[in-house]
Amino acid sequence: MMKQIKVAVNGYGVIGKRIVEAVQLQDDMEVVGVGDVAADWRIKMALKKGHAVFANTDEGAKAMQEAGIRTSGDFNDLLNVADVVVDCTPKKFGASNAEQYKLAGVKYILQGGEKHKITGHSFSAESNYTSALGREATRVVSCNTTSIVRTLSALKRANLLKKARGTLLRRATDPWESHMNGIMNTLVPEPEIPSHQGPDAQSVDPELDVVTAAIKVPITLSHLHYWNVQLTRQTSKEEVLEAFRSSSRIAFVRMSEGLSANNAVKELMLDLGRPYGDMYEVVIWEDMLKTEGNELYYAYLVDNQAIVIPETVDAIRALTRADSDPQRSIEKTNHSLGINQFFV
Ligand SMILES: NC(=O)c1ccc[n+]([C@@H]2O[C@H](COP(=O)([O-])OP(=O)(O)OC[C@H]3O[C@@H](n4cnc5c(N)ncnc54)[C@H](O)[C@@H]3O)[C@@H](O)[C@H]2O)c1
């Protein structure tokens with residue numbers, strides 16, 4: 001029987017709970033426990049779904065006890081049963097947790113809210129799976145950065161990419177917490193250009209010539225990017241589409257089919273029966289994409305809650321050397337999650 005990688009997920013929020021479910025779909029890994037500090041309905045759901053829950057702090061343990069949540073131990077107990085910890089705690093917590101993971105001698109994966117320097121390696125499966133093989137740690141780059149690396153790497157592989165300039169319309173908050181924060185009736189530009197996503201993409205591939213500007217918009221469903229790319233030469237729309245198709249995690253929709261806004265695309269994901277209506281692919285509007293001389297224009301959607309999930313599954317395989325072939329891991333993950341380039 002195949003050796004099961006023992007995966008702990010620390011932080012059972014938006015990203016953590018999805019990683020737990022994705023890991024459960026793999027035949028070479030298993031979830032050994034979920035760590036958190038909260039004691040509300042979300043952690044009760046983890047228990048209800050059959051996961052062992054670990055309390056990361058004394059206050060967390062007390063709150064869980066009071067809420068009737070049965071725990072299987074503390075932070076150290078969780079680290080003791082894991083080969084890899086996927087840290088999905090809020091931004092900046094991962095940095096201090098990393099010290100604990102190192103002390104415990106357990107491999108770890110941080111998410112995009114953390115800085116590159118903490119792990120010294122930033123991950124995007126199609127770009128640099130191989131350089132993560134056997135490492136102690138990596139960081140799966142953020143949702144926006146993942147989309148940038150996937151799309152620009154596809155153009156780069158086809159020798160088409162000269163330089164790319166993008167404007168990112170960023171969702172204001174996640175759907176489940178829109179009663180607690182977010183913005184309304186306003187648009188909030190990031191104060192600096194470049195916004196952090198362009199330089200962050202270079203943490204995966206320093207050769208990318210990319211500049212981003214970003215603006216927060218009062219929606220929760222997804223991000224939307226507009227890109228203007230200077231190509232190395234004059235080319236056709238078909239050749240560009242072919243380059244994008246070289247990524248199995250870039251998909252296409254058409255405005256002409258009624259998929260003309262992010263809410264319609266979300267409905268499509270729900271119709272497909274995706275868990276939480278999740279969209280793991282970068283979704284490009286095929287009919288909007290335009291080439292003019294050596295310039296390329298396109299727009300796409302990024303499901304911030306979902307795009308990093310397949311990347312994290314691949315990062316688990318890379319760190320543990322469960323598979324040294326990036327393509328095999330990517331295909332396995334894609335198959336398990338129903339990742340598809342053509343939805344309808
Ligand atoms: N939400 C997104 O759109 C998104 C997308 C890509 C990457 N990320 C990154 O993923 C990471 C997690 O983000 P999220 O949106 O899932 O956060 P979240 O707030 O939804 O969930 C965080 C969870 O961690 C728990 N937690 C808090 N302190 C903890 C501690 N000390 N120990 C253990 N658990 C603790 C919280 O109770 C909560 O359940 C961040 O680095 C974020 O930047 C988020």
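Which strands and which helix are included in what covers the buried residues of H2?

## Helix H2 and its cover

In this predicted model, the cover over the buried residues of H2 includes strand E2 (29-36), strand E3 (53-55) and helix H3 (58-66). Helix H2 spans residues 41-48, and its buried residues are Arg-42, Ile-43 and Ala-46. Viewed down the axis of H2, these buried residues lie within an arc of 95°, so they line one face of the helix.

Just after H2, Gly-50 has a positive phi of about 95°.

## H1 against H12

Helix H1 (residues 14-24) packs on H12 at an angle of about 60°, and the two axes are 9 Å apart. An angle of 65 to 115 degrees would count as roughly perpendicular and one under 35 as roughly parallel; H1 is therefore oblique to H12. The crossing of H1 over H12 is right-handed.

On the H1 side the contact involves Ile-15, Arg-18, Ile-19, Ala-22 and Val-23. These meet Val-308, Ile-309, Thr-312, Val-313 and Ile-316 in H12. Sorted by class, the contact of H1 with H12 has eight nonpolar residues, one polar and one charged.

## H12 against H13

Helix H12 (residues 308-320) also packs with helix H13 (residues 326-337), at an angle of about 140° and with the axes 9 Å apart. Roughly antiparallel applies to angles over 145 degrees, and H12 and H13 are therefore oblique to each other. Their crossing is right-handed.

H12 contributes Pro-310, Val-313, Asp-314 and Arg-317 to this contact, while H13 contributes Ser-329, Ile-330, Lys-332, Thr-333 and Leu-337. The residues of the contact of H12 with H13 comprise four nonpolar, two polar and three charged. Val-313 of H12 takes part here and also in the contact with H1.

## H8 against H9

What is the handedness of the crossing in which H8 passes H9? It is right-handed. The axes of helix H8 (residues 143-157) and helix H9 (residues 197-204) come within 9 Å and cross at roughly 60°, which makes H8 oblique to H9.

Asn-144, Thr-145, Ile-148 and Val-149 are the contact residues in H8, and they meet Gln-197, Asp-200, Ala-201 and Val-204 in H9. By class, the contact of H8 with H9 has four nonpolar residues, three polar and one charged.

Note on methods. Residues are numbered from 1 along each chain as its sequence is written. This is a predicted model: local features need pLDDT of at least 70, side-chain atom pairs count only at pLDDT 80 or more; totals for chains, interfaces and linings use all residues. Side-chain values use heavy atoms; hydrogens and water are left out. Axes are lines fitted to C-alpha atoms, for helices over the stretch in contact, and angles run from 0 to 180 degrees between N-to-C directions. Helices (H or I, at least four residues) and strands (E, at least two) are DSSP runs, numbered from the N terminus. A crossing is left-handed if the near helix is turned anticlockwise from the far one by less than a right angle, and right-handed if clockwise. Contact means heavy atoms within 4.5 Å. Ala, Val, Leu, Ile, Met, Phe, Trp, Tyr, Cys and Pro count as nonpolar, Asp, Glu, Lys and Arg as charged, and the others, Gly among them, as polar. Buried means under 20% relative accessible area, exposed over 50%, partly exposed in between (1.4 Å probe, protein chains only). The arc is that of the directions from the helix axis to the C-beta atoms.
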